[in-house]
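Try each task on your own before you read its solution.

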Amino acid sequence: MQRRHLLALLGTSLLAGTGHTQNNPSGPALPLGTAINRAGRLRALSQRVAKLHVQSTLGVLPERASDVMRQCRQLIGSSLDELRRQPLSADTQPLMPRLQGHAERLLVLTAGSGAPPRIDDVVRSADDMLKSADELTTAFEKQSKQSGARVVNVAGRQRMLSQRAARAHFLQAAGGTAAAGQAQQLEAARREFDEGLAYLANASLSTPAIRQQLELARGQWLFFDQALRKPGQGDALQTVATTSERMYEVMDQLTGLYEQAVQELYR
């Protein structure tokens, strides 16, 4: 009971430090395309935080990992703030507090104070957050009447897959119990990323900016995929660290372009 109470207090403090409050913030609801993007971004941030934790544990570009970790924690807080303004149907109302609880747990584990958490605990917590964020993203997509909602969801999911693939690569390098099943997880993430790119390439929703960014994503994926195929040691780990971040950035920008296109289409 004391442990749960401490986690709740720490989670509240951490989220308050990133701009999150426990009271419902005022402001208009987000357009559903934006809500899908924000909830989908939390999927990616769960895997990105876990990746950065393992990366730091391995001593791979630790200062850069620490800087990006701080950015991720701020994004988690601001994204939760935005999503808490979003109206939910009766059957999806439990999804938001569940996601918030899983996010708080992950933030507590990776706060950087006290003894470093076990990698297994961070990975498990990140996957709990991933599952709850995916449920909320899917609920927003179903709630939307816009045909482009699916495209925003798929593009956003590519961010998560890029981080999950890099995390699996680092976990293999970490060895021990953390490496169990990671070869299969890495292969699944790579396959699903390829499928997502193919879906986006065939999507009817497109603009010149989207086509340009999608072409950039294809090129970046070639570099990233090559890095993932190399043994996890030395310079190869640094290459995965840098290319995974670039892949995240490219897909985040592409998701934003799809979100913008959906909003303009349904004005």
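**Exercise 1.** Decide whether Val-262 counts as buried or exposed, and find which residues Val-262 is in contact with once neighbours within four places in sequence are left aside.

*Solution.* 
- Step 1: In this predicted model, Val-262 sits in helix H9, which spans residues 235-265.
- Step 2: The relative accessibility of Val-262 is 1%. Buried means under 20%, so Val-262 counts as buried.
- Step 3: With neighbours within four places set aside, the contacts of Val-262 are Gln-146, Gly-148, Val-152 and Leu-205.
- Step 4: Take Leu-205 from that list. Leu-205 and Val-262 are 57 residues apart along the chain, yet their C-alpha atoms are separated by 8.1 Å.

**Exercise 2.** Work out where Gln-163 lies and whether Gln-163 is buried or exposed.

*Solution.* 
- Step 1: Gln-163 belongs to helix H6.
- Step 2: Its relative accessible area is 0%. That value puts Gln-163 among the buried residues, because the cut-off is under 20%.
- Step 3: Beyond four places in sequence, Gln-163 touches Ala-44, Gln-47, Arg-48 and Lys-51, and also Ser-244, Glu-245 and Tyr-248.

**Exercise 3.** Describe how H6 packs with H7, and then with H8.

*Solution.* 
- Step 1: Recall what is needed: two packed helices are described by the angle between their axes and the distance between the axes.
- Step 2: Start with H6 (residues 149-174) and H7 (residues 182-202), whose axes cross at roughly 155° and come within 8 Å. Angles over 145 degrees count as roughly antiparallel, so H6 is roughly antiparallel to H7.
- Step 3: The crossing of H6 with H7 is left-handed. The residues of this contact comprise 14 nonpolar, seven polar and five charged.
- Step 4: Now take H8 (residues 208-228), whose axis comes within 10 Å of that of H6, with a crossing angle of roughly 20°. Angles under 35 degrees count as roughly parallel, and H6 and H8 are therefore roughly parallel to each other.
- Step 5: H6 also passes H8 in a left-handed crossing.
- Step 6: Look at the residues that meet: Ser-162, Ala-165, Ala-166 and His-169 on the H6 side, and Phe-224, Ala-227 and Leu-228 on the H8 side. They divide into five nonpolar, two polar and no charged.

**Exercise 4.** Find what stands out about the phi of Leu-61.

*Solution.* 
- Step 1: Locate Leu-61 in the loop between helix H2 (32-57) and helix H3 (62-83).
- Step 2: Keep the background in mind: most residues other than glycine have a negative phi.
- Step 3: Leu-61 is not a glycine, but has a positive phi of about 45°.
- Step 4: Check the accessibility of Leu-61, which is 28% and makes this residue partly exposed.

Methods: Residues are numbered from 1 along each chain as its sequence is written. This is a predicted model: local features need pLDDT of at least 70, side-chain atom pairs count only at pLDDT 80 or more; totals for chains, interfaces and linings use all residues. Side-chain values use heavy atoms; hydrogens and water are left out. Axes are lines fitted to C-alpha atoms, for helices over the stretch in contact, and angles run from 0 to 180 degrees between N-to-C directions. Helices (H or I, at least four residues) and strands (E, at least two) are DSSP runs, numbered from the N terminus. Angles under 35 degrees count as roughly parallel, over 145 as roughly antiparallel, 65 to 115 as roughly perpendicular and the rest as oblique. A crossing is left-handed if the near helix is turned anticlockwise from the far one by less than a right angle, and right-handed if clockwise. Ala, Val, Leu, Ile, Met, Phe, Trp, Tyr, Cys and Pro count as nonpolar, Asp, Glu, Lys and Arg as charged, and the others, Gly among them, as polar. Buried means under 20% relative accessible area, exposed over 50%, partly exposed in between (1.4 Å probe, protein chains only). Contact means heavy atoms within 4.5 Å.
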